[in-house]
Amino acid sequence: METYERPHGKTLLSRLREEPRWLIIITGPRQTGKTTLVQQVLERVRRPSTHIAVDAPDPTTVPATTGFPLGATSLATDIGPPPVDRRDTRWLVRTWEEARLEARASDRGFVLALDEIQKIPNWSETVKGLWDADRSERLPLHVVLLGSAPLLMQQGMSESLAGRYEVIDVEHWSFAEMAAAFDFDLDRFFYFGGYPGPAPLIRDETRWRSFIHRSLIEPNIERDILALQRVDKPILLKRLFGLGAAYSGQILSYNKMLGQLDEAGNTTTLARYLDLLSSAGLIAGLSKYAGRPHRRRASSPKLNVLNTALMSVHSDYTFEQARGDRTFWGQLVESAVGAHLVNTANPEYRVYYWRDRGREVDFILEHGRKLVAFEVKSGRRRGNVSGLDAFGKSFPVKASHIVGRGGIPVSEFLLRPAPEWFEGS
């Protein structure tokens with residue numbers, strides 16, 4: 001992990017070597033290595049830089065011999081000033097001004113990286129004014145903004161920053177990355193998923209599971225959803241997460257979900273909460289593919305974890321017990337395939353499922369008017385090839401693929417991101 005650099009690093013490095021034209025926004029689920037990525041790139045960019053976490057304690061005092069580090073408020077005294085709240089636009093403006101001074105003083109410009117920027121109320125409006133002033137001056141100041149709440153980041157970007165930013169999406173780690181960085185084989189990737197932080201802990205499964213619960217699931221729900229979004233029924237949202245982890249790979253109507261959750265509510269609320277869980281990189285609700293968009297929106301969702309570690313932890317199976325349960329292991333494999341498609345599909349690509357009169361296709365990948373269909377044969381059940389045939393007769397399919405036994409090996413499938421399935425004739 002310390003020496004491995006994700007491919008996103010090359011993208012960020014190339015942006016920082018250019019003249020600053022746009023804000024660089026790095027977004028993605030919690031614990032996908034966004035901070036590490038930025039720190040690695042800042043060490044290589046050959047420009048003066050600083051990286052500041054908005055949600056870290058602010059250093060209000062420093063020794064007189066060190067000068068003023070970026071973001072500091074005063075020299076050391078016996079009784080210093082009260083701590084500075086970084087979650088305040090005044091702190092943001094002051095820090096930005098200090099970065100401007102650094103940029104003007106350097107012949108190579110300066111890079112300001114702010115982590116967890118969404119923790120500052122109205123951050124996007126403040127950033128807009130500061131950035132526009134910098135562009136008027138043609139100031140050589142690069143600004144990198146990181147956030148672990150993609151939905152809240154997107155809201156701020158769309159409301160105030162249109163035309164002023166480029167996005168680098170940092171998705172969950174792929175099988176290829178976990179194999180290269182941590183020597184994961186395929187079975188370990190299915191069970192332990194694509195979280196780099198707890199990967200060194202897998203030999204102590206109790207410790208690994210505790211890390212997933214306390215450092216990933218709880219912060220995702222408590223800090224990235226409940227603390228930043230209006231959620232009138234937090235218990236319902238938490239139970240929905242548990243339901244999604246247990247039923248990953250299965251199609252459930254919203255009414256059936258409400259029955260399983262034993263909770264009063266309505267389907268609109270449930271659909272919104274599922275969108276919030278998806279935006280946090282936890283669980284997606286895939287729509288049924290249909291020729292007409294309104295029929296897709298009205299369909300029952302197919303639940304799919306976006307990292308299979310979430311499913312394994314919720315199951316209470318150990319690694320060996322999970323491998324011994326053919327049904328559960330097949331569910332893990334299918335969920336890994338779906339997560340890979342969703343995680344590697346950029347906004348131009350959409351992932352669906354299809355079902356009609358008992359015939360089903362596990363995943364449909366859409367790009368423009370082109371469709372690619374996938375059926376997973378994992379051993380959990382017999383492959384539904386008739387579903388592929390029926391779908392191909394109903395819709396203009398570019399290609400149909402079996403993933404698993406008798407088709408493309410899952411290990412090979414997981415090496416190809418979603419856009420590559422549309423390459424060639």
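Confidence, a buried residue and a pocket

This is a predicted model. The mean pLDDT of the protein chain is 88, and 88% of its residues reach 70 or more.

Me: Where does the pLDDT fall below 50?
Reply: The pLDDT is below 50 over residues 60-69, a stretch with 23 contacts in the model beyond near neighbours in sequence. Residues 71-81 also stay under 50 in pLDDT, and the model gives them 31 contacts beyond four places in sequence.

Me: Why does Asn307 count as buried?
Reply: Buried means under 20% relative accessible area. Asn307 has 3% relative accessibility, so Asn307 counts as buried.

Me: Where does Asn307 lie, and which residues does Asn307 touch?
Reply: Asn307 is in the loop between strand S7 (302-305) and helix H13 (308-315). Leaving out residues up to four places away in sequence, Asn307 touches His172, Gly193, Gly194, Tyr195 and Leu282.

Me: What makes the pair Asn307 and His172 a polar contact?
Reply: A polar contact needs a pair of N or O atoms within 3.5 Å, one able to donate a hydrogen and the other to accept it. The side chains of Asn307 and His172 make such a contact at 3.1 Å, a value within that cut-off.

Me: Which residues line the second largest pocket?
Reply: The lining has 15 residues, and Gln31, Gly33, Lys34, Thr35 and Glu116 lie nearest the centre of the pocket. Helix H2 (residues 34-42) gives the largest share, three residues. The pocket has a volume of about 240 Å³.

Me: How does the lining of the second largest pocket divide into nonpolar, polar and charged residues?
Reply: Three residues are nonpolar, seven polar and five charged. Gly counts as polar here.

Notes
Residues numbered from 1 in each chain as written. Predicted model: local features only at pLDDT ≥ 70, side-chain atom pairs only at ≥ 80, totals over all residues. Heavy atoms only, no water. 1 Å grid on protein atoms, 1.4 Å probe; cavity = no way out; pocket = protein on both sides within 12 Å on 5 of 7 lines; lining within 4 Å. Points joined across faces, edges and corners; volume = space filled by probe spheres on them. Helix = DSSP H or I, 4+ residues; strand = E, 2+ residues; numbered from the N terminus. Buried < 20%, exposed > 50% of the residue type's maximum accessible area, 1.4 Å probe, protein only. Contact = heavy atoms within 4.5 Å. pLDDT = per-residue confidence, 0-100.
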